[in-house]
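Please read it with the structure open.

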Amino acid sequence: MNDNSLSFDLQGPEALKSVFRNHASGITVVTSATSDGEPIGFTASSVTSLGSNPPLVSLNIAQGSSSYPHLCPGALVAIHTLDAGTLWLAEKMAASKEQRFSEVDYSLTEDGLPVFTQVPSVLVAKVRSRTEVEANAMVVLDAISSQSFRDATEPLVYFQRGYHTLGLRLKDNS
């Protein structure tokens with residue numbers, strides 16, 4: 001053990017930002033519909049598998065987001081995986097809410113869920129719960145069904161404040 005005393009110079013929000021800029025996150029697009037059937041959606045880097053038994057997914061969202069009020073328990077959502085070829089969709093769904101579904105092709109499921117079929121795959125899930133923390137919330141969803149439309153080309157990740165793809169494969173997980 002090294003006996004040197006460590007000093008951490010950043011605190012609070014800056015400490016968090018400095019670390020997570022160096023942590024690559026996968027990019028997804030999450031869509032749903034309002035009670036009136038209007039499509040809603042957003043780009044998210046916080047979607048992750050919570051467990052496989054039962055199959056659960058979690059995502060984080062700001063409570064001030066225009067989509068947040070519609071992510072109530074029981075609501076259906078479509079989680080779209082993205083790759084380098086669908087960077088345009090990540091950018092589109094991060095734009096102003098009025099522009100997100102304009103001039104873009106999407107289909108509706110029989111439940112009225114908007115789905116982009118240009119993506120590698122989509123997971124349909126149902127909101128199980130929301131946990132509100134300060135101005136943010138963690139949403140837990142039950143995975144229901146999925147559809148793969150094609151193999152992903154190069155993964156799309158968010159890293160150091162920009163979109164990237166992955167490079168060299170270092171090792172297989174055995």
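**Notes on the predicted model**

1. From the N terminus on, the order of elements is α-β-β-β-β-β-β-α-β-β-β-β-β-β. That gives two helices and twelve strands; helices (H or I, at least four residues) and strands (E, at least two) are DSSP runs, numbered from the N terminus.

2. On sources: this is a predicted model, in which local features need pLDDT of at least 70 and side-chain atom pairs count only at pLDDT 80 or more, while totals for chains, interfaces and linings use all residues. Residues are numbered from 1 along each chain as its sequence is written, and side-chain values use heavy atoms, with hydrogens and water left out.

3. Overall dimensions and surface. The C-alpha trace of the chain spans about 65 × 40 × 35 Å along its principal axes. The chain exposes about 11,100 Å², and carbon and sulfur atoms supply 50% of that area (Shrake-Rupley method, 1.4 Å probe). Of the 174 residues in the chain, 30% are buried; buried means under 20% relative accessible area, exposed over 50%, and partly exposed in between (1.4 Å probe, protein chains only).

4. Contacts and charges. Among contacts between residues at least 6 apart in sequence, 64% join residues at least 24 apart, a contact being heavy atoms within 4.5 Å. The chain has 12 positive and 18 negative charges, and their mean positions are 3 Å apart. Lys and Arg count as positive and Asp and Glu as negative, with His and the chain ends not counted; the charge is placed at NZ of Lys, CZ of Arg, CG of Asp or CD of Glu.

5. The three-stranded sheet. This open sheet has the order S1-S11-S12, with antiparallel pairing. Its edge strands are S1 (25-26) and S12, each of which pairs on one side only. Strand S11 (residues 157-159) is joined to S12 by three bridges, and two strands pair if DSSP finds at least two bridges between them. Valine 157 stands opposite histidine 164 in S12.

6. Tyrosine 163. This residue lies in strand S12 (residues 162-164) and counts as partly exposed because its relative accessible area is 31%. Leaving aside residues up to four places away in sequence, tyrosine 163 touches Ile27, Thr43, Leu87, Ala90, Glu91, Leu156, Val157 and Tyr158. The C-alpha atoms of tyrosine 163 and alanine 24 are 9.5 Å from each other, although the two residues are 139 residues apart along the chain.

7. Threonine 31. The side chain of threonine 31 reaches the backbone oxygen of proline 114 at 2.5 Å. Residues that threonine 31 touches, beyond four places away in sequence, include Ile40, Leu76, Met93, Phe101, Pro114 and Phe116.

8. Strand S4 (residues 48-52) pairs with strand S5 (residues 55-62) in the antiparallel sense over four bridges. A hairpin through two residues joins S4 to S5, and glycine 51 stands opposite leucine 56 in S5. S5 also runs antiparallel to strand S10 (residues 136-148), with seven bridges joining them. Asparagine 60 has methionine 138 in S10 as its bridge partner.

How values were computed: Polar contact = N/O pair within 3.5 Å; in protein donor to acceptor, adjacent residues only side chain to side chain.
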